[in-house]
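This report describes one protein chain for a reader who has not seen it before. Please look over the sequence and the model, then read on.

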Amino acid sequence: FPYTTLFRSMTENDTRKEIIRVFRKYERLGLSREGLDPVRAYKRIDVLCASRRGKLDMFAVYDTMRILSLLGEEDVISAVRRVYFADVAYRLTASMISDRVLKCACEQYCDARTIYRRLKRARELYGSIRKNLDEF
């Protein structure tokens with residue numbers, strides 16, 4: 001059925017948008033500062049987020065960024081910071097993402113598809129961490 005494919009792509013798109021929203025909220029709360037130790041970060045998340053879901057979202061983003069850092073995936077972290085963390089006061093549109101990806105690709109001397117793959121890697125890692133946190 002073509003409807004099944006359409007529904008699946010709509011669901012994936014909604015999930016992608018939700019993950020991007022969570023990454024941007026993480027930056028808006030000031031949690032993306034480098035040098036923020038885990039204890040202070042977890043305390044800050046606990047104070048700033050009222051709902052359990054919000055806390056788990058922020059914990060997952062924090063853990064995603066830490067794991068990427070520990071794995072030496074600085075290129076992925078850089079892509080996330082340049083595309084998702086820039087100008088969090090403004091609503092992010094698809095054209096803004098495209099513009100930021102192209103700018104990031106030029107700055108890192110790579111193809112735009114490479115930047116999209118790096119962003120996807122961060123989103124997938126976030127998704128797996130978030131799924132595991134839900135099981136707690």
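## Cysteines

The structure holds zero disulfides, a disulfide being a pair of cysteine sulfur atoms within 2.5 Å. Cys110 is in no disulfide, and the nearest cysteine sulfur, that of Cys104, is 6.5 Å away. Cys110 counts as partly exposed because its relative accessibility is 23%, whereas Cys49, at 4% relative accessibility, counts as buried. Here buried means under 20% relative accessible area, exposed means over 50%, and partly exposed is in between (1.4 Å probe, protein chains only).

## Basis of the values

This is a predicted model, in which local features need pLDDT of at least 70 and side-chain atom pairs count only at pLDDT 80 or more, while totals for chains, interfaces and linings use all residues. Residues are numbered from 1 along each chain as its sequence is written, and side-chain values use heavy atoms, with hydrogens and water left out.

## Helices

The chain has six helices and zero strands. From the N terminus on, its elements run α-α-α-α-α-α. Helices (H or I, at least four residues) and strands (E, at least two) are DSSP runs, numbered from the N terminus. Of the 136 residues in the chain, 40% are buried.

Helix H6 has 23 residues, which at 1.5 Å a residue should span 33 Å; its end C-alpha atoms are 33 Å apart, so the two values agree. The expected span is 1.5 Å times one less than the number of residues in the helix. Among the buried residues of H6 are Ala112, Ile115, Leu119, Ala122, Tyr126, Ile129 and Leu133. Arg118, Arg123 and Arg130 are also on the list of buried residues in H6. An α-helix has 3.6 residues a turn, so residues three or four places apart point the same way.

## Aromatic residues

The structure holds six aromatic pairs. Rings of Phe, Tyr and Trp (its six-membered ring) pair if their centres lie within 6.5 Å; planes under 30 degrees apart count as stacked, over 60 as edge-to-face and the rest as tilted. Phe23 and Tyr126 form a tilted pair, 5.7 Å centre to centre with 55° between the planes. This pair links distant parts of the chain, with Phe23 in helix H1 (residues 2–28) and Tyr126 in helix H6 (residues 112–134), 103 residues apart.

Is Phe23 buried or exposed? Phe23 is buried, because its relative accessible area is 0%. Both members of the pair, Phe23 and Tyr126, are buried. They belong to one aromatic cluster formed by Phe23, Tyr26, Tyr84, Phe85 and Tyr126. Within that group, Phe23 and Phe85 are 62 residues apart along the chain, and their C-alpha atoms are separated by 7.3 Å.

## Pockets

A cavity and a pocket are both found on a 1 Å grid over the protein atoms alone: a cavity is a set of points where a 1.4 Å probe fits but cannot get out, and a pocket is an open set with protein on both sides within 12 Å along at least five of seven lines; lining residues have an atom within 4 Å of a point. Grid points are joined across faces, edges and corners, and a volume is the space filled by probe spheres set on the points. The table sets out the two pockets.

| Pocket | Volume | Lining by class |
|---|---|---|
| Largest | about 470 Å³ | eight nonpolar, two polar, eight charged residues |

The largest pocket is lined by 18 residues, and Lys17, Ile20, Leu92, Thr93 and Ile97 lie nearest its centre. H1, helix H5 (94–107) and H6 each supply at least two residues of this lining. The largest share, seven residues, comes from H1.

The second largest pocket is lined by 16 residues, of which Glu34, Met65, Arg66, Ser69 and Arg81 are the closest to its centre. Helix H3 (52–70) and helix H4 (74–83) each supply at least two residues of that lining. H3 gives the most, with five residues.

## Backbone in the loops

Most residues other than glycine have a negative phi. Asp87, which is not a glycine, has a positive phi of about 50°. Asp87 is in the loop between H4 and H5 and counts as partly exposed, at 48% relative accessibility. Tyr109, also not a glycine, has a positive phi of about 55°. Tyr109 lies in the loop between H5 and H6 and is exposed, with a relative accessible area of 77%.

Methods. Ala, Val, Leu, Ile, Met, Phe, Trp, Tyr, Cys and Pro count as nonpolar, Asp, Glu, Lys and Arg as charged, and the others, Gly among them, as polar.
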